[in-house]
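User: I would like to learn how to read a few features from a structure. Please take them one at a time, with the general idea before the case.

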Amino acid sequence: MSHVTRTKNGRPVHHWRRHLIRLAALFTAAAVADTVAHLTGHGPYGPALLTIPAIALIATAGFHTWWARRHGHAPPTGDTGARPPASVRQAGAAEGDATSPEAGSGEAVLWRMRTTVRDEPGSLAALCVALAALRVDILSLQTHPLAEGTVDEFLLRAPAPVAASDVTDTVALAGGRGTWIERADAHDLVDAPTRVLGLATRTALDAAELPLALRQLLGRCTIRSLPATSVRGDRSHEGAPVEGALEDTVMRLRAPEGGVITVERPYLPFTPTEFARARALVELDARLGPRVPHSRDVLTLPQGNDITVRRADAGDIDAAKAMHERCSQRTLSMRYHGPVNDADKYLKHLLSPHFGRTLAVQTASGRVVGLGHLLWDGDETEIALLVEDDWQRRGIGGELLGRLVAMAVEAGCESVYAVTQSSNTGMVAAMRALDLPLDYQIEEGTLVITARLSATPLDPHPAYAEAPGDEREQTPEHEHSVRD
């Protein structure tokens, strides 16, 4: 074995000097021993010269033993890895041990973190050791291989005093780059395969769940569904290839009906693993074809008429066109804000479950007399209502609006907005009846009413206490801000 080591800068260090010193010490010790032997063997005080050093050595050893027992210098249990005694653990728990994850506020914080590390042995281990130094617990880990490096996605539980900047700085020192972190909640505790299977089940039961499933799968992102052709019948956008396209923070997927689904997440690039999962969900939706839940609710209006509220889809286009023919020009113009003759052209888009959810109200004879739309508009959600003239002011608009808002709350939407006209007192009164904070924005005669949804789901079956066209005084619970 070679007696060669290396310094921190990598230069070799030979130990020949150490060997010379040891050899010199050996010769010196031999000379001293020879001198002592000569004095003790030929002098009159030889035995005393040997006894006195022996007594001094014994006394010194005894004093050192007593001092070590009185002032222990053993390393603390935290440095050796040993568990402290039960009494110490109980005292620490009672006083709030500063080294425990629950120290300080007594609560832990969940974080979702993503970082890129080198695809080398030991890179992930170094990252885990650095997080452990902060008393951060790794609850789950997903890896996303890339051409250069690996994206690791963590679910972390950290002590409350540990800030997000503390975690990111520690990860950077451990070799992580491009780190992204945000607060998580209890829903993130579900492992990835279980979450993906749940999203696939929801998509299989309802085609309108596809955009919501993609958003839950990919996190905060903007999803836009564009039809294959516009209302005028021309192609106004570039389609997506069959296999889809991934471009850093944007992915484009071929929609089942031939359009394109664009998903954008500017703050974090998509990985090939995420792209493959999203494409699998879209392919599942395409194979199952159009579908909506077949549940129906039969209600009785204050006037005694029975109506049925159900989900609508592309199979209701003919019934919706027939309702358009029975509606007045004023009713259609307040709903579509454009040429009345083009009203029928919007139905294919509005009744497609990939662009939102639609509720239909039909009478006992099967005639559709009302439609309510909840439309996914990128990061926002639009609500639109149309009720046939002869069935207005009977509570149908309020019933549809309440159910649509409850759907929006269930889907995790933060707000919904309705575009109408200032003269549409029925729609204004129905929005006010939701008892939610409202914002009003008026632009050139067009009124946009935005309702900020509360965390508590609304009752999807509101009472018929108010007709949608009635005027009411504003109550203190409403928060209004009018912007010109």
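User: Which exposed residues does the face of helix 5 turned away from its buried side carry?

Analyst: This is a predicted model. As a general idea, an α-helix has 3.6 residues a turn, so residues three or four places apart point the same way. Here, the face of helix 5 turned away from the buried side carries Val129 and Ala133, both exposed. The buried residues of helix 5 (residues 123-133) include Ser123, Leu127, Ala130 and Leu131. Viewed down the helix axis, the buried residues of helix 5 lie within an arc of 100 degrees, so they line one face.

User: What covers the buried residues of helix 5?

Analyst: The cover includes strand 3, strand 4 (137-145), strand 5 (150-159) and helix 6 (164-173). Just after helix 5, Arg135 has a positive phi of about 65 degrees.

User: Next, sheets. What is the strand order in the open sheet of four strands?

Analyst: In general, strands of a sheet pair through backbone hydrogen bonds, either parallel or antiparallel. In this open sheet the order is 7-10-9-8, and the pairing is antiparallel. Strand 7 (222-226) and strand 8 (245-247) are at the edges with a single partner strand each, so one side of each has no neighbour in the sheet. From one strand to the next, the twist averages 15 degrees.

User: How many bridges join strand 8 and strand 9?

Analyst: Three bridges, in the antiparallel sense, pair strand 8 with strand 9 (residues 250-254). Ala245 has Arg252 in strand 9 as its bridge partner.

User: Which helix lies across strand 9, and at what angle?

Analyst: Helix 9 (residues 272-288) runs at about 25 degrees to strand 9. Helix 9 also lies across strand 8 and strand 10 (260-264).

User: Now charged pairs. How many salt bridges are there?

Analyst: The general idea is that side chains of opposite charge can pair when their charged atoms come close. The count in this model is 17 salt bridges. One of them joins Glu274 and Arg114, with the closest N and O atoms 2.8 Å apart. This pair links distant parts of the chain, since Glu274 is in helix 9 and Arg114 is in strand 3 (residues 108-117), 160 residues apart.

User: Is Glu274 buried or exposed?

Analyst: Glu274 counts as buried because its relative accessibility is 5%, under the 20% cut-off. Arg114 is buried as well, with a relative accessible area of 4%. Salt bridges with shared partners join Arg112, Arg114, Glu153, Glu182, Arg220, Arg265 and Glu274 into one network.

User: Which residue does Asp297 meet in a salt bridge?

Analyst: The side chain of Asp297 meets that of Arg403, at 2.9 Å from N to O. Asp297 is in strand 11 (residues 296-300) and Arg403 in helix 13 (residues 396-410), 106 residues apart, so the pair links distant parts of the chain. Asp297 is partly exposed at 28% relative accessibility, whereas Arg403 is buried with a relative accessible area of 9%.

User: Finally, a single residue. Where is Gln362 placed, and with which side chain does the side chain of Gln362 make a polar contact?

Analyst: Gln362 is in strand 13 (residues 356-363) and is buried at 13% relative accessibility. The side chain of Gln362 makes a polar contact with the side chain of Arg310, at 2.9 Å. Apart from neighbours within four places in sequence, Gln362 is in contact with Arg296, Ile307, Thr308, Arg310, Arg367 and Val368. Arg310 in turn forms a salt bridge with Asp316, with the closest N and O atoms 2.8 Å apart. Both Arg310 and Asp316 are buried.

How values were computed: Residues numbered from 1 in each chain as written. Predicted model: local features only at pLDDT ≥ 70, side-chain atom pairs only at ≥ 80, totals over all residues. Heavy atoms only, no water. Pairing = 2+ DSSP bridges. Helix = DSSP H or I, 4+ residues; strand = E, 2+ residues; numbered from the N terminus. Axes fitted to C-alpha atoms, helices over the stretch in contact; angles between N-to-C directions. Contact = heavy atoms within 4.5 Å. Buried < 20%, exposed > 50% of the residue type's maximum accessible area, 1.4 Å probe, protein only. Polar contact = N/O pair within 3.5 Å; in protein donor to acceptor, adjacent residues only side chain to side chain. Salt bridge = Lys/Arg side-chain N within 4 Å of Asp/Glu carboxyl O. Arc of directions from axis to C-beta.
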